[in-house]
Amino acid sequence: MAKSDLDNANPTVLSVSQLPSRNLAKGHERRGPDSKYDHILFPKQWWAGSSLNNDPSVWTSDEDEDDDLTLATEEPIDEQEIYGKNYAPSGCTCMARRNLLSTISDPEHPVTLGQIAVVRLDDIHLSPSPAERLDPNTLTNVEVDLTPTVNHCSLATVIGLAVRVRLENALPPNYRIIVRMKDGSHAQDDQVNKQLGDKERVAAALENDTLKGIIEKMLETCV
């Protein structure tokens, strides 16, 4: 794609060190049930072999499962974990070692959505809040407001779909995901939000081979 064809040829790019992060103390590990149900929710889907999937060896026995649920109760998923840039000791396989949203690649530039502030920590909202979730199976809303770099971004829907797919594949089934354009951030935010909120439209879009290829490429940088 020629530079002149880009929606925003020169976006403001933050360095990785400028992104919000949280360091986890050594030995403080939570291996909550963040993706153990993927094989049920997403059987034989196009992203099954991608970097989104987690090592199934993490879940080795029913006894381990009980331990994981206990840890998840003590450390519920919060906004920082949804955003990313959490660090844990080497060898930790918990969700905290992964970056869910901040490391998704932009479809036009070789940078991440976190670096160009399309995804922002302050625009991720969980309801009920982590402090209110005593039961790890509580139905929880995850609302992510996206801010495109220009208000006429033609790839806003594609970016929204990538974020939605990433979260649906990584979070437990009791998390209800809402992805939308932040109010006033896009010239057609109502239309884009309607598309992102319509399950039938989302399912139909993900059947498009060209679109699937773009999203897979965007998610290659997620670790």
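Student: What share of the 223 residues in the protein chain is buried?

Tutor: Buried residues make up 47% of the 223 residues. Keep in mind that this is a predicted model.

Student: Thanks! Which elements does the protein chain contain, and how do they run from the N terminus on?

Tutor: There are seven helices and five strands. From the N terminus on, their order is β-α-α-α-β-β-β-α-β-α-α-α. As for contacts between residues at least 6 apart in sequence, 72% of them join residues at least 24 apart.

Student: Let us turn to the sheet. What order do the strands of the open sheet have?

Tutor: The general idea comes first: strands of a sheet pair through backbone hydrogen bonds, either parallel or antiparallel. Here, an open sheet of three strands has the order 3-4-5, and its pairing is mixed. Strand 3 and strand 5 are the edge strands, each pairing on one side only. On average, neighbouring strands of this sheet are turned by 15 degrees against each other, direction ignored.

Student: In which sense does strand 3 pair with strand 4, parallel or antiparallel?

Tutor: Strand 3, residues 124–127, pairs with strand 4 in the antiparallel sense over four bridges.

Student: How many residues of strand 4 are buried?

Tutor: Five of the seven residues in strand 4 (residues 140–146) are buried, so the strand is mostly covered when buried means under 20% relative accessible area. For reading any such strand, remember that in a regular strand the side chains alternate between the two faces of the sheet.

Student: Now the helices. At what angle do the axes of helix 4 and helix 7 cross?

Tutor: The axes of helix 4 and helix 7 (residues 209–219) cross at roughly 65 degrees and come within 10 Å. The crossing is right-handed. On the helix 4 side, the contact involves Val158, Ile159, Leu161, Ala162, Val165 and Arg166; these meet Leu211, Ile214, Ile215, Met218 and Leu219 in helix 7. By class, this contact has ten nonpolar residues, no polar ones and one charged residue.

Student: I would also like to check the backbone. Which residues does the cis peptide bond join?

Tutor: Ser127 and Pro128 are joined by a cis peptide bond, with omega at about 0 degrees. You will find Pro128 in the loop between strand 3 and strand 4.

Student: What is the phi of Ala117?

Tutor: Phi of Ala117 is near 60 degrees, a positive value in a residue other than glycine. Ala117 sits in the loop between strand 2 (86–87) and strand 3.

Student: Why does Ala117 count as buried?

Tutor: Ala117 counts as buried because its relative accessibility is 19%, and the cut-off for buried is under 20%.

Technical notes: Residues are numbered from 1 along each chain as its sequence is written. This is a predicted model: local features need pLDDT of at least 70, side-chain atom pairs count only at pLDDT 80 or more; totals for chains, interfaces and linings use all residues. Side-chain values use heavy atoms; hydrogens and water are left out. Buried means under 20% relative accessible area, exposed over 50%, partly exposed in between (1.4 Å probe, protein chains only). Helices (H or I, at least four residues) and strands (E, at least two) are DSSP runs, numbered from the N terminus. Two strands pair if DSSP finds at least two bridges between them. Axes are lines fitted to C-alpha atoms, for helices over the stretch in contact, and angles run from 0 to 180 degrees between N-to-C directions. A crossing is left-handed if the near helix is turned anticlockwise from the far one by less than a right angle, and right-handed if clockwise. Contact means heavy atoms within 4.5 Å. Ala, Val, Leu, Ile, Met, Phe, Trp, Tyr, Cys and Pro count as nonpolar, Asp, Glu, Lys and Arg as charged, and the others, Gly among them, as polar.
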